[in-house]
Every structure is written in structure tokens, then in C-alpha cells.
2 protein chains.
Amino acid sequence: MNNFVVSKIAEDIPEAASLKFSMMAVRLRQRGRDIIILSTGDVFFDLPLFSFNALPYKLGYHYSDPRGLQELREHVSRYYQKEYGVASNPEREVLVSAGSKVLIYLGLASVLNAGDEVILFEPAWASYSEQVKIAHGVPVLLPYYEDVSNIKNYLTKKTRAIIINNPHNPSGKVYSHQELKMLFDVATSNNLYIISDEAYSDFTLRKSFISVGAFDKEKERVVIVNSLSKNLGISGWRIGYAITNERILGLMFNLNQHLISCPATILEYYVVKHFDELVAITRPQIAALLVVRKETENFMKEVGLDCLPGSGTFYFFVSIAGSGLRSEEFVLRLLEEYGVATVPGVGYGKSCDQFIRVSIGTEPADRIKKGLLAVRELISKTKTAA
Amino acid sequence: MNNFVVSKIAEDIPEAASLKFSMMAVRLRQRGRDIIILSTGDVFFDLPLFSFNALPYKLGYHYSDPRGLQELREHVSRYYQKEYGVASNPEREVLVSAGSKVLIYLGLASVLNAGDEVILFEPAWASYSEQVKIAHGVPVLLPYYEDVSNIKNYLTKKTRAIIINNPHNPSGKVYSHQELKMLFDVATSNNLYIISDEAYSDFTLRKSFISVGAFDKEKERVVIVNSLSKNLGISGWRIGYAITNERILGLMFNLNQHLISCPATILEYYVVKHFDELVAITRPQIAALLVVRKETENFMKEVGLDCLPGSGTFYFFVSIAGSGLRSEEFVLRLLEEYGVATVPGVGYGKSCDQFIRVSIGTEPADRIKKGLLAVRELISKTKTAA
């Protein structure tokens, strides 16, 4: 079959590192081994199951409104207004689709022409670069050690958009007012879009999250993408949403119709009915997780592990700089020798090969600590002669 | 906002005609008007709701296996083997994702390089052309009056793939053994892929459907895409699947990870548990619908309405050639003046502006007849002086 021509872009796209290593861990577990899972980009809340029979399930068997159920758009529109001060018209400026992943892609596909450049900040969530490529754009990555303000050195005539992830996977960084203002000013002066992935918007201390949408009253150049996956702990339900101006939203909507249709209708009805309850159930659990985050951060300091600064989400981007190993080899050995699953940093950018991602969304505190001690031990065992 | 640059491809993509006109009809209905819906590309079966509590719903809150649940891949793999004689390895040659729509796109994005041409046959389901464009390819359309065998006149050095829809939306055509063999031979001699959208595979009389996959033992160049939406009547659940060789499947899988992740996990568990029951419940209803199809065909002959030949699916591509109206205007007037919703033919290709699509999946036989009489009356009322 080797003479068969395929897409060069597709050929160049690797498997998502976080999924790959999570699946390796799951398979080892299925074979009976006790694995500490610090790899999964997911949070495990205690959630009840409300009745499906009480829903209009016959309607659920069919396509929903192609923009997502009106009531669901109203819920998320109100939520963004109330929680983050970003107003939107749920009729024309909100699109609900099958997860925020595809909505980021729809945003990119709506604004990029072939060869347009998109600025990303390493560590950059793996799918951003790949989605830019799938949209025939060119990802331009700032290494992790560059300050956000150095973005100006990376702009060219071809730059069309910036993607930010706020709060940030994998570092936990929550963008400051000053940083967001600076990025918004850069976008304005250079006529760029900002695609803001805000999937972890409620995972911050003292509501420290600010949406860049708050700087852009008309949502002229900001495309907000968010999701019920993390904030409500239902990643498996595949419901995300985008908020932007009517023109861009219209382009995204048309693309969405030809690629997706809508999320699972029955689950939209479920979420519409139980939106406020789900928020009420998950908020205290998010608060508890942020306490674990703080404790984990303290523990890392105690045992001498470094990580990139951050205070939100349930991730740490932990340095393995002391080790002589590259991140993939480190992660593989950590899994095999210690039964601890993490994600290699190189999946988040070339500059990040001396980091691993540690997620604390799925394991209890004692097992997280045990996992981190294994990280320290493996660093120590593989130390380079300085 | 007019100085903002957007994607030229996205700007060029229209709203999906079938969804647009279905939504117009739904809105009129919501305002209390009795609308005969012959527009919706959907089938309304009588389906029970099995218990969700009996499912592993806690797992359902999280991402599933990124290829789709193993058991679901086994179900659809067995189904294709048993029903259509196409064998596949569920581990490496099957991908389950959020609907067949996105899987067709993933197939295209896996094989096309920018500027590659894809052959489509008019009437062509609207999203095919748009998906080819989104993948930076070029759709090449054969007008409806050309025989499939004329494909040879449309091949160029840039042709990379053929999309067929078998059984066919909107004509109901079921490709013959001879046609499929010819297409497969053309694909083989010209090193092309065939993306075969088989979403209506069970909507044929006397099991007359043949998968083109049956001609390609190694699935070297055939990418089969199918769905639970039509055959099981659960379009709102957004579960589709693809079957092809390991290499192409691998490319589709990687793209899928960066764009989709997986379908709604809880619904995958549901379908795994109730697959055979759902098949048993829907088969007799499909048979009944095919009887209605035959009756509708006879009725159209009686009243002098023409349509393209076909025997499967629940669609008719009805000629309005007697009318002086183009298809969009015809459909709008039919909706406003007669309360009958259909879809304009032009959405299926330039050559099809004197057709409308009539779907019989959602209305009882008497209302379908009433709708068709309205079509005849409007043709007659708008007749051109010959």
C-alpha cells in the first residue's frame, strides 16, 4: 500500500500525547496493575444521575437546533454575563457544539487562510498546533521561557490569530489583567483575532479568572471557547460552546453544520434541565480540588520539585531538568518502573522536553504525593553528571 | 467590522440547505401553523428508552476510548461482516466518532492535499462539496443527467478520491453490482480512494444494498462511513463509524483526537448494551417505511409527478421542471402558500435547480400525499408557457 498518496498534513499529525499515555495507563490497569493516574486531562467529580425518562427523550433521538438548544445557549450566555462580565446574544452570538475541541478548530477555520500564522505560547495544549495545521495555517510557538510580552517579536505580516488558554493547561497559569490588556492591545494594533480557550474558567482561587472577552465589548476580535467538560466534570458528554460576534459566529455555524450538526440532543436537554444543579454540585468540589492543588504545590516545594508558576486548573507542568532523560523516555520509565502515569512535556512544544504534565483531577492526595515522590526518585536516578 | 479578514473558504460556505429549510418549518410550526414536514433528513421510529441507571454512567461522564468503545467497534465490525460481507479488525480498522458527517471529513482530510480533486455525483448531498472545500480540496461534480460511467471524462491528474452515497440521499438510488465494480475499477486504475457513505444501508428492498467495500478485500482504497443515525433512528445521538485499512484509519484517528475526542460516552455504553434490541426494533419499521416509499412512488406516478429513479432510503428527488420557478423560490412558496416543507434541489448541485427533495421519514402516508398534491398544484400554477 506504500504507493498510496495521503494528506501530508495528516501524515504529519501525531497522536495526542495526553490521550496516548492515558490509554497506556488504562491498559496497564486493565491488566491488573495498580497505576497512579496523573495523566488524564479530566476531573472526577461525584455526580448523581438525574432521570432521563423525565426528559423529552423522543426529541432527543433527533437533531437539535443546529446552533444548540436555545435554552442551553441562554444558560451559557447568562453564565458568561454573570460570572465573567461578558455579554452575548444567545440567538446570534453563541454556538453550542460537540465539545470545545472542535469549536476551537471551527474558530481557526473561520479566520485562517492557507499559510496564515497563529501565535501559541509553549507549553501549548497539543491540539492547538495540530488544529492550526489541519486548517492549513502555520503555528508559531513562543518557547516557555519567553514572557508573553515578547509576542511582538513573533508577529509577521502573516499573523492572523493568537490562541490563549486561560486558565492554562498544563501550567495552571491564570492570565493577569495586565497580560490580557497587553495581548488585546497587540491584537487590536495588528488586526488579529484572539481565540481564548477558557475551559477551566472556574478552576481558580478567589475568582481570579478574567476573560479576555471583557476587554472587547463588541467581541470584534475575541472568540471565546468554553465547555461543560471541565467546569461541570462531564467531558464524556461532549458539549462545548463558543461566544463571539455575529459574523464570525455565523461562519463557525456554517462550518459546524457541514462537519458536526449538533451535540447529542438528549444530553443537551439534560443539561438545560439541570444546569443550575450541576453548577451547585460541582462548585464545592472545584474548591476542594483547588485546596489539593495548593497542598500539592507545597509538597513539591518541600521535596524539591520545580514547576512552572500557576494557581488554577488541576495541572502542574513539572520540571525534570535534573534528569538526563528526555520527557517521553522519562514518562515511559515512570510508568513502567513506578506505575505512575504522566504526559511528556514535549507534547506541549519543543522547548518543553524537560517537563512532564501532572494532573491531579483523578487521584486522592496521598496517591498524588506518592506519584510525585516517584518523579523525584526517577530524576535522581537518571541525574546527569553536572 | 468590515476590515476584518476571514477565511475565504469559510466565507464561501453556505448554510446547509436541508437544515435551513427544516428549521424554517420548525419555526412556523412553533408559531402554531400546521406544517407538513417533508424536509427533515431524519426518520421518526417508535423507540423505547432503556434505563440509563443500568449503565456504567460514572464512566459515561468521562472520555471513552478515543477510537470509540471497544465493544461498540466489535458490534459494528460484526454487523458489516454479517450483513454486507465486509470484514474488518475492530482494533485497528474501525473508528467510532461523533456522527458520520465528521467521519467523511476526516476521511477527506486524511487523503487530500491542497488542490486535490474529488469526484461527486449530482444530486450530491450538500455537505460533501463543502467538506471537500474545508479540506482545501476541489469538488468536481457530474451533473445529474450524466451516467456514473461518464466519470472517466472528469478525471484529471489531480483527482484523488470519489465520494459515493449508497443508498442515495436524495434520489433513493441503490448502486448496482455493475456500477460499483466499474467505480472500483476506475479507482484502482487511477489510484483513487472511494469514500462510501452508507448511512442508509438498511433502507433497501430485499437487502439489495451492496457495499463497495465488498470489492476491496484489503480495504486498500475504500473508506466506508456509516452511522447509527438513520439505520437505528437515533440521529440525535451523534454516533457514526468508519471502516478502512489500518493506515488511513490511523490518520483519521489522529485527526479525530485533535478535533473530536470521542462521541458521548454514556450513549456509546447505551448502544453497546442494546445494539441487538435496537436492530430488532427498527428493522420492521424500516420495512414499513419502504412500503410507504413504494406507495408514494406509485402515487406520484398516478398524479403525474416525476422523480429520479431510486428504491431505497426515505427520499425522493422530485422534478419541478414544469414550473417556471427555480428550486429555492419553489420551496419557499410551497412552504408559505401550502404549509409544505421540502428542500430545494439546488442545494444538491447546480444541475439540480429543477428538483426538490421530499423526505417521507417523519409524516404519515396521508399527509405525504397531501404534500405531494401541493407540489403538483404549485408546479401547475407556475407553469411556463411552453
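This passage walks through a predicted model of two chains, from the overall fold to a few local details. Because the model is predicted, local features are reported only at pLDDT of at least 70 and side-chain atom pairs only at pLDDT 80 or more, while totals for chains, interfaces and linings use all residues. Residues are numbered from 1 along each chain as its sequence is written, with chains lettered from A and ligands numbered from 1 in the order in which they are written.

Along the principal axes, the C-alpha atoms of chain A fill a box of roughly 60 × 55 × 55 Å. Of the 386 residues in chain A, 59% are buried. A residue is buried if 20 or more other C-beta atoms lie within 10 Å of its own, exposed if 12 or fewer, and partly exposed in between, with C-beta atoms placed from the backbone. Among contacts in chain A with a separation of 6 or more, 75% join residues 24 or more positions apart; two residues are in contact if their C-beta atoms, placed from the backbone, lie within 7 Å.

The two chains meet through 64 residues from chain A and 64 residues from chain B. Several helices of chain A each supply at least two residues to this side, among them α2 (17-30), α5 (100-111) and α9 (265-303). The most comes from α8(A), with seven residues. By class, the side of chain A that touches chain B holds 34 nonpolar, 20 polar and 10 charged residues. Ala, Val, Leu, Ile, Met, Phe, Trp, Tyr, Cys and Pro count as nonpolar, Asp, Glu, Lys and Arg as charged, and the others, Gly among them, as polar.

How do the copies relate? The same surface serves both, as 100% of the contact residues of chain A recur in chain B.

Some local details complete the picture. Helix α6 (residues 126-134) of chain B is mostly covered, with eight of its nine residues buried, including B:Y128, B:E130 and B:I134. After α6(B) comes B:H136, whose phi is positive, near 65°. In chain A, the peptide bond from A:E122 to A:P123 is cis, with omega near -5°, and A:P123 is found in the loop between β3 (117-121) and α6. Another cis peptide bond joins A:N166 and A:P167, with omega about -10°; A:P167 lies in the loop between β5 (159-165) and α7 (177-189). Finally, A:R206 has a positive phi near 45° and is found in the loop between β6 (193-197) and β7 (222-227) of chain A. With 7 C-beta neighbours inside 10 Å, A:R206 counts as exposed.

Key. Helices (H or I, at least four residues) and strands (E, at least two) are DSSP runs, numbered from the N terminus.
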